[in-house]
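Please open the model in a viewer and keep the selection tool at hand.

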Amino acid sequence: MEDYGRYQWNENGLQPQDNNNHKKKNNMKKFAKKVGAIALSAVLFGGIAGGVFTGITYAAGVPLKAQQEEAEPAAEKTENKTTTLQTTSASAGSTVKSQTLDVSDIADAVMPSVVAITNKSVQEVQNYFSMFGRGMVQEQEVESQGSGIIIGQNDEELLIVTNNHVVEGAETLSVCFIDNQAYEASVKGTDADNDLAVIAVKLSDISEDTMSQIKVAQMGDSDALKVGEQVVAIGNALGYGQSVTTGIVSAVDRQVGSSDSENGFIQTDAAINPGNSGGALLNMNGEVIGINSAKLASTKVEGMGYAIPISYASPIIEDLMNRVTRAKVSEDQASSLGISGQTVDSTIAQTYGIPEGVYVGEVNEGSAAEKAGIQAGSVITKFDGTSVKTIDELKTQLTYYAAGETVEITVKVADNGQYVEKILTITLDHAQSTANSQSGRQQGNMQNSIIK
């Protein structure tokens, strides 16, 4: 079995199976008992930084240096303007004409809009060769690559869309442009449910030479796609740098594996490989009609790649573009929820009949979670409007929020065999004070740890 991005595949694809309600209830009880025996390493921090940016202008296909110069007078007079994606009908002066191009024309026009993304994260690994016999958990820096598409800029930032799984868990992110110059990036907003994210690079960090060579991508209409239509994929395949492949639309509205996408995916036989995630799938007018996301891989399968349709993704992307850019807070501002729990992935969700998210195994007395009304047995699904499906995602979110900050948290609570969604308001604790108050309880119990 091979795993690409957020999906796992075998020869026949991953097919979820239903369990009867009686079995789910019994399994759920076993799961609740099992939570306390699972080792968690989820010390979470948080903070807030940044502000709302105004004066947004876009010009698809136009070098960004020229775009910025033209926009300056208008920016001075505009306030609280909402960012939008550049579409065909709104474009003016685009270098991609409204006619069918050949693949080389598309590559020339669109490669300046596609970037390579490097994610450096820290993961915990088990050292089974420890001299103590039982093994030790050690932290290890891991580097992964993906792709992204330049979708616009505001007064302060250049904005890039990619897949959530490309930036997930990042300690640091860097973006490499068409001129091979790399710059540090920050996560602006993520949507784990739809595997989308928007990241930002400060305009003040980007050289004038780089700005003169990069472009904003032009969005197309994925709803107008026809099976058999030719498409082009551009991305950072295998982390080797930008490459171009071509193929056709094999299917539309395709449901794949465990995905619960309402709109389905675009299926294509254009080569999509690890590192292509977050890159562009283009029609023959050079317009983005999909965001490459996953590939079905097997010794018996060839040429089955999938992209998120841009018409479905656009409103999600625009929401992410307009969020406040946050920076990680310092240790003295680190925040805490005051719970312990376990990730509920799709397999656990199907087996035990509970929602995906973070299962709350224990709520600490006097903690922020208790004061907010979070109960043991509930499942956290969103934090400040952002979907969370794993403890790592919740950990990442909290690194951007400071102690004392008040946010909304979405939980699902069991009620007569059904899970009811509730939105609660939580004022985050200080991580250090929570750690001190719980130190006695944690001694000798290495199987449970508090999510801070």
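The stops below go from confidence to cores, aromatic rings and a helix.

The structure is a predicted model, in which local features need pLDDT of at least 70, side-chain atom pairs count only at pLDDT 80 or more, and totals for chains, interfaces and linings use all residues. Residues are numbered from 1 along each chain as its sequence is written, and side-chain values use heavy atoms, with hydrogens and water left out.

**Confidence**

Colour the protein by pLDDT, the predictor's confidence in each residue, from 0 to 100. The mean is 78, and 69% of the residues reach 70 or more. Select residues 1-17: here the pLDDT is below 50, and the stretch has 38 contacts beyond near neighbours in sequence (contact means heavy atoms within 4.5 Å). Next select residues 90-97, where the pLDDT is again below 50; this stretch has 16 such contacts. Where pLDDT is low, the predicted coordinates should not be read in detail.

**Nonpolar cores**

A nonpolar core is a set of buried Ala, Val, Leu, Ile, Met, Phe, Trp, Tyr and Cys residues joined through side-chain atoms within 4.5 Å. Buried means under 20% relative accessible area, exposed over 50%, and partly exposed in between, with a 1.4 Å probe and protein chains only.

Select Ile-151, Leu-196, Val-198, Leu-282, Val-288, Ile-291 and Ile-317, the residues with the most contacts inside the largest core, which has 35 residues. Then select helix α6 (residues 310-321), which supplies the largest share of this core, seven residues. Helices (H or I, at least four residues) and strands (E, at least two) are DSSP runs, numbered from the N terminus.

Centre on Val-288: leaving aside neighbours within four places in sequence, its contacts include Ile-149, Met-219, Leu-282 and Ile-310. Apart from this core lies another of 24 residues, among them Val-360, Val-388, Tyr-400 and Val-407.

**Aromatic rings**

Rings of Phe, Tyr and Trp (its six-membered ring) pair if their centres lie within 6.5 Å; planes under 30 degrees apart count as stacked, over 60 as edge-to-face and the rest as tilted. The count is three pairs. Select Phe-177 and Tyr-183, a tilted pair at 5.8 Å centre to centre and 50 degrees between the planes. Phe-265 and Tyr-306 form an edge-to-face pair, at 6.5 Å and 85 degrees. This pair links strand β11 (residues 265-268) to strand β14 (residues 305-309), its members lying 41 residues apart. Both Phe-265 and Tyr-306 are buried.

**Helix α9**

Finally, select helix α9 (residues 391-398): six of its eight residues are buried, so the helix is largely enclosed by the rest of the structure. The buried residues include Ile-391, Glu-393 and Gln-397.
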